Amino acid sequence: MNVAGRPYRTIWLKPNDDRIVQLIDQRSLPHRFAIEDVTTVEQMAAAIREMQVRGAGLIGAAAGYGMYLAMLAGMDVAAAADLLRATRPTAVNLAWALERQRQGIATGASAEQKIALARETAEAIADEDVAHCREIGRHGLALIEQIARQKDGRPVNILTHCNAGWLAFVDHGSATAPIYAAHDRGIPLHVWVDETRPRNQGAKLTAWELGEHGVAHTVIADNAGGHLMQRGEVDLVLVGTDRTTRTGDVANKIGTYLKALAAKDNGVPFYVALPSTSFDWKMRDGVEEIPIEQRGAEEVKHADGWAEGRTLEVRLTPEASPAANYGFDVTPRRLVSGLITERGICQPNEQSILALFPEHAP
Ligand code: MRU
């Protein structure tokens with residue numbers, strides 16, 4: 001997508017030095033657009049853990065490039081994969097990318113071959129992520145067009161949570177891909193952007209990227225969604241996912257489940273957009289099985305923002321009050337209207353999912 005009129009991906013190999021991976025440092029956004037050079041797998045692991053890069057698709061792509069850096073350094077494949085795997089538990093794209101790299105690298109006999117294979121796989125993971133998100137946009141566009149026809153020229157109001165935008169992938173995004181496609185077609189639309197405490201990925205990242213693309217949007221407090229749905233101000237809820245079971249249970253940023261409950265109560269369609277790399281084909285029960293990341297309490301106790309030309313962090317809570325920081329929740333399939341994938345839209349049940357992805361049938 002474009003930043004100040006120039007097209008970017010979120011991660012890429014440095015044009016004149018392919019021993020360096022470059023990425024957009026998302027911790028500085030929306031206040032500063034900064035690009036970081038990453039030269040070792042340890043740095044890549046830190047970039048994922050500290051959320052310089054984040055979002056399911058981008059975590060997978062970063063892990064792919066991390067394995068390439070590890071091969072350049074002559075590191076053991078299993079040790080490098082363990083280091084990257086330990087960074088964040090919920091997005092299944094991470095484990096998927098590491099397994100793809102492990103299998104590919106194993107076919108190389110020499111160190112040079114392993115480096116070449118790891119590079120090829122890292123680039124393929126990134127390119128496929130872009131292609132999948134583009135296709136999600138195409139299929140999701142049909143859904144938005146259908147709603148737009150009922151609105152008689154009035155804007156389609158879409159509510160989204162967290163950031164399942166291009167910043168969460170290599171390009172286009174999952175939940176945002178249909179939004180960008182519809183906007184580019186000239187369909188009038190407006191996006192309600194949940195701020196998404198505690199890290200505020202909605203307020204900081206989704207708002208920034210929608211703004212850069214010229215999409216009308218309004219940032220709302222996390223708790224406003226139910227109220228807006230009751231008033232008929234939301235036509236569609238469109239979110240991403242970090243891991244979805246083969247049966248259609250959806251793990252996404254904490255707070256998604258409450259939006260799905262409110263959507264169900266108000267008859268608002270609730271769609272989840274995902275590339276197939278975010279399906280966990282081994283899991284059947286999301287609430288029981290999906291690992292939920294717990295991050296540091298400091299993220300809840302503090303907030304940061306831009307003041308007098310720099311980022312300022314302040315404490316919100318009494319110093320002694322403990323805080324808990326659950327990163328994700330699981331929305332059971334019964335609350336999901338449909339899944340938008342690169343192969344089309346399916347129902348959140350095993351039969352319908354497997355009709356699109358028959359290669360994963362038992
Ligand atoms: O903790 P994050 O920022 O890596 O969480 C990921 C997310 O932004 C969301 O859960 C998103 O909706 C799904 S990832 C495409």
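1. The shell around the ligand takes at least three residues from each of domain 1 (2-128) and domain 2 (137-360); such domain bounds come from an automatic or database domain assignment. This is a predicted model, in which local features need pLDDT of at least 70, side-chain atom pairs count only at pLDDT 80 or more, and totals for chains, interfaces and linings use all residues. Residues are numbered from 1 along each chain as its sequence is written, and side-chain values use heavy atoms, with hydrogens and water left out.

2. The C-alpha centres of domain 1 and domain 2 are 24 Å apart. Between them, 32 residues of domain 1 are in contact with 31 residues of domain 2 (contact means heavy atoms within 4.5 Å).

3. Which residues are closest to the ligand? Of the 16 residues that surround the ligand, the closest are R54, R88, D242, N252 and K253 (a residue counts if one of its heavy atoms lies within 4 Å).

4. By class, this shell holds seven nonpolar, five polar and four charged residues. Here Asp, Glu, Lys and Arg count as charged; Ala, Val, Leu, Ile, Met, Phe, Trp, Tyr, Cys and Pro as nonpolar; and the others, Gly among them, as polar.

5. For Q201, the corresponding separation from a ligand oxygen atom is 2.9 Å.

How values were computed
Polar contact = N/O pair within 3.5 Å; in protein donor to acceptor, adjacent residues only side chain to side chain.
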